[in-house]
Amino acid sequence: MSAILRRCLAPWLLLAMLGAPQALAQQVAGTLGAVGSDTMAGLMLRWGEALTRQHPGIRLQLQTSGSASAPPALVAGTTRLGPMSRPMNEAERRAFIERHGYPPREVAVARDALVVVVHRHNPLESLGERELDAIFSDSRRCGAREGINRWRQLGLDEPEGRIRLHGRNAASGTQALFRRVALCGGHFRPEVNEHPGSAAVVAAVAEDPRAIGYAGLNHLTPGVKALARRDAEGTRHFPDPRAVRRGDYALSRDLYLYLNLPPGESLPAAERAFLDLVLSPAGQAIVEELGFVALPETRRLRQRQGLALDDAGR
Amino acid sequence: MPDSSSPPSIRRRLRQGRDRLATVLVTAGGIGVIAALLAIGVFLVVEVVPLFWPTGATETISPQALWLSLEAAGDPARYRWDPTATLGTDEAARVSLVPLAWGTLEAAAWALLIAVPLALGAAAHSALFMAPRLRSRLKPTLELMEALPGVVIGFVAGLVLAPWVERHLADVLAMLVLLVPGLLLAGGLWSRLPPRLQQAMPLGWAGLWLLPWLLLLLVAAHALSPWLEAWAFGGDLRHWLEVRLGLDIAVRNAMIVGMAMGFAVMPSVYALAEDALSGVPRSLAEGAQALGATRWQTLWRVVLPAASPGIFSAVMIGAGRAVGETMIVLMASGNAALMTWNPLDGLRSLAATIAIELPEAGPGGQHYRLLLLAALLLFAFTFLVNTLAELVRTRLRLRYRRLGGGP
């Protein structure tokens, strides 16, 4: 333990480690494979590092080419751990049940939010639900009467000209969430520039005063400004961690780990150690550190209970 | 059989065996390449068929959805690529490949428009007029440019060049306006120089002594651009373009893609065209000049036709690379599936779409098969271009065979 203690500089992490169950001291070894979300790549990496510090025998092997790559890998049995930034859809779940005979085990491990960002010099502070839909879509299913494609239509003198739109690529979990919540399931304008990552969206917005875009909360940089969201009553919801944790900010979501766990069986030792870390205060501190939002305390404890992580007699 | 004759016969048999082995290997290699190509085609076709032929596994779509306009259905955009749209029961699928094919061709056209004149001009100059010492330095340098990875070019174009051009639009325009007449002026002035000065600045070294002139032109363009903007465009070029011509300017647009991809395509076009031009026997050009033809007439009427098969295949190889190039378009174009003639608008190519979306499309799903259809289209397209290029090249070579030029 002393080697770990020396490395833990932040006092909260120190406290968290001391509070961790004593069962951790038991040595577990092996390689843990995970295939899935690229949104969660950094998170998984840091969790993996922390896991190796606790159990020097375990290594996490990560392959992150998108949430959609997790279900096929789980079905084929090439991995037992699938990080996903969206819940599995019906077809993916069905394919899993067909192959294994039981549903995949879903564990929410963190919360994330999408923020609408503009250039840091843009005077805009907040956007209404309908305004956002009228800017990004041409179907306007949220009920706006006409489309918005110039900054003037938002009552701004500066910046002038057309609004330049930036977003994520089709098939990404991020775009799907934005479409479902912000566009009421409608169609994006063809003018939206589609970037292969949230970081690229933020970079594009940061260099252009006329741009607006949406990106994952953890990709915010000083070059851009996150906008608050006004609901139908005119209340502003700012994407701060508290609002995201409570779900007041509508553009938020859970991040999941999917497990291949036959019902009635207990977790294999390596996976148990990993989930124990992820759902511990230290694991959730890593979540916050990377710009995501930690699970509410009650949910974290409920997840631990559901996986029987705290049961002494295995 | 006497003992002494056996070593040569063994050696001969060994050599025959080696020959046969080499033949088999070469044949196998050739057949293997063709088989691999066929296998790719067959794989794509097999994967695409369930899109149109109901097999139960994938939802089919009507082929018309791929190219027909949505206008009749009351959609504000005529063509859409939106394969993950949530559709109502009465809605047609929005998976038109038209804007993607358009984007691919538009990007390639701009790239060739920029690369071909520059590359051919450079090739003609370096093959015919340039001093051998300068040429021996320049050619490897240009060929080294070819080794630059597309990702690097795309990154520089998308994150450095595009924002700069957007902020300095008037500068770029002034450069375009000044550069061509400025260079022609340099040529005119040179021919009127006194012979002693001409000897000090020989034509073969024009590549070097034109550099300060080029720099001067760029500085002049930069200095003149505010005047130009104030005089012709009411002080703000962007505003003028928007109000007068109704042109939007996207930061990452077709022009930027054209410039970046032109830069990527140029070295290979240059290298092939240069080889073709320097392959033309010197006696041809010398004969033409001895008969009184000017430099220009020699180049245009004698050397270029003789080298035309090689030059043509150089351009076609450039076109093939421009159509298939992925990373540059992905990073410099903005990937907005638009169909406009405006070179300052974004675009989206087939190759970039496949690169972005395939990793996240579930294998076997409709989206996945649509992307493979796009790949098949791209495959068929490059196949067609290359076949056409080969046919034209063979015919040109037959026609100019007597001149003995070209590979």
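1. Three strands of chain A form an open sheet in the order S5-S10-S11, and the pairing within that sheet is mixed. Strands S5 (126–128) and S11 (236–237) of chain A stand at its edges; each has a single partner strand, so one side of each is left without a neighbour in the sheet. This is a predicted model, and the points below should be read as a description of that prediction.

2. The pairing of S5(A) with strand S10 (residues 228–230) of chain A is parallel and runs over three bridges. Within this pair, Leu127(A) has Arg229(A) in S10(A) as its bridge partner. Helix H6 (residues 129–136) of chain A packs on the sheet and touches both S5 and S10 of chain A. The direction of H6(A) makes about 85° with that of S5(A).

3. The loop between H6 and S6 of chain A deserves a look at the backbone. Arg140(A) lies in this loop and has a positive phi of about 50°, although Arg140(A) is not a glycine. Arg140(A) has 20 other C-beta atoms within 10 Å and counts as buried, because the cut-off for burial is 20 or more such atoms. Pro159(A) is in the loop between H6 and S6 as well. The peptide bond that joins Glu158(A) and Pro159(A) is cis, with omega about -5°.

4. Strand S6 of chain A spans residues 164–168, and five of its five residues are buried, so the strand is largely enclosed by the rest of the structure. S6(A) pairs with strand S8 (residues 211–216) of chain A in the parallel sense, over three bridges. In that pairing, Arg164(A) has Ala211(A) of S8(A) as its bridge partner. S6(A) also pairs with strand S7 (residues 193–195) of chain A, in the parallel sense and over three bridges. Here Arg168(A) stands opposite His195(A) of S7(A). As background, strands of a sheet pair through backbone hydrogen bonds, either parallel or antiparallel.

5. Together with helix H7 (residues 173–182) of chain A, S6(A) and S7(A) make a β-α-β unit, and the unit is right-handed. Arg180(A) is found in helix H7 of chain A. With 15 other C-beta atoms within 10 Å, Arg180(A) is partly exposed. Leu251(A) is 71 residues from Arg180(A) along the chain, and the C-alpha atoms of the two are separated by 9.3 Å.

6. On the contact between the chains: 30 residues of chain B are in contact with 26 residues of chain A. Helix H4 (150–167) and helix H13 (350–357) of chain B each supply at least two residues of the side of chain B that touches chain A. By residue class, that side of chain B divides into 15 nonpolar, seven polar and eight charged residues.

7. For chain B, an unreviewed UniProt entry places the feature "transmembrane region" at residues 21–46, 107–132, 144–165, 171–191, 203–224, 254–273, 302–323 and 370–392. Two of these spans can be set against the model. Residues 144–165 of chain B are 82% helix and 0% strand, with the end C-alpha atoms 26 Å apart. Residues 302–323 of chain B are 100% helix and 0% strand, with the end C-alpha atoms 32 Å apart.

8. The annotation "domain: ABC transmembrane type-1", also from an unreviewed UniProt entry, covers residues 101–389 of chain B. In the model this span is 79% helix and 0% strand. The end C-alpha atoms of residues 101–389 of chain B lie 20 Å apart.

9. Another positive phi occurs in chain B, at Asn335(B), where the value is near 55° in a residue other than glycine. Asn335(B) is placed in the loop between helix H12 (327–332) and H13 of chain B. Asn335(B) is buried, with 30 other C-beta atoms within 10 Å.

10. Tyr368(B) lies in helix H14 (residues 366–399) of chain B and is buried, with 21 other C-beta atoms within 10 Å. Leaving aside neighbours within four places in sequence, Tyr368(B) is in contact with Ala361(B), Gly362(B) and Pro363(B). Trp102(B) is 266 residues from Tyr368(B) along the chain, and their C-alpha atoms are separated by 21 Å.

Notes: Residues numbered from 1 in each chain as written. Chains lettered and ligands numbered in written order. Predicted model: local features only at pLDDT ≥ 70, side-chain atom pairs only at ≥ 80, totals over all residues. Buried ≥ 20, exposed ≤ 12 C-beta atoms within 10 Å, placed from the backbone. Helix = DSSP H or I, 4+ residues; strand = E, 2+ residues; numbered from the N terminus. Pairing = 2+ DSSP bridges. Right-handed = clockwise from strand over helix to strand, strands pointing away. Contact = placed C-beta atoms within 7 Å. Axes fitted to C-alpha atoms, helices over the stretch in contact; angles between N-to-C directions. Nonpolar A, V, L, I, M, F, W, Y, C, P; charged D, E, K, R; others polar. UniProt positions renumbered as here; feature names shortened; annotations may be inferred.
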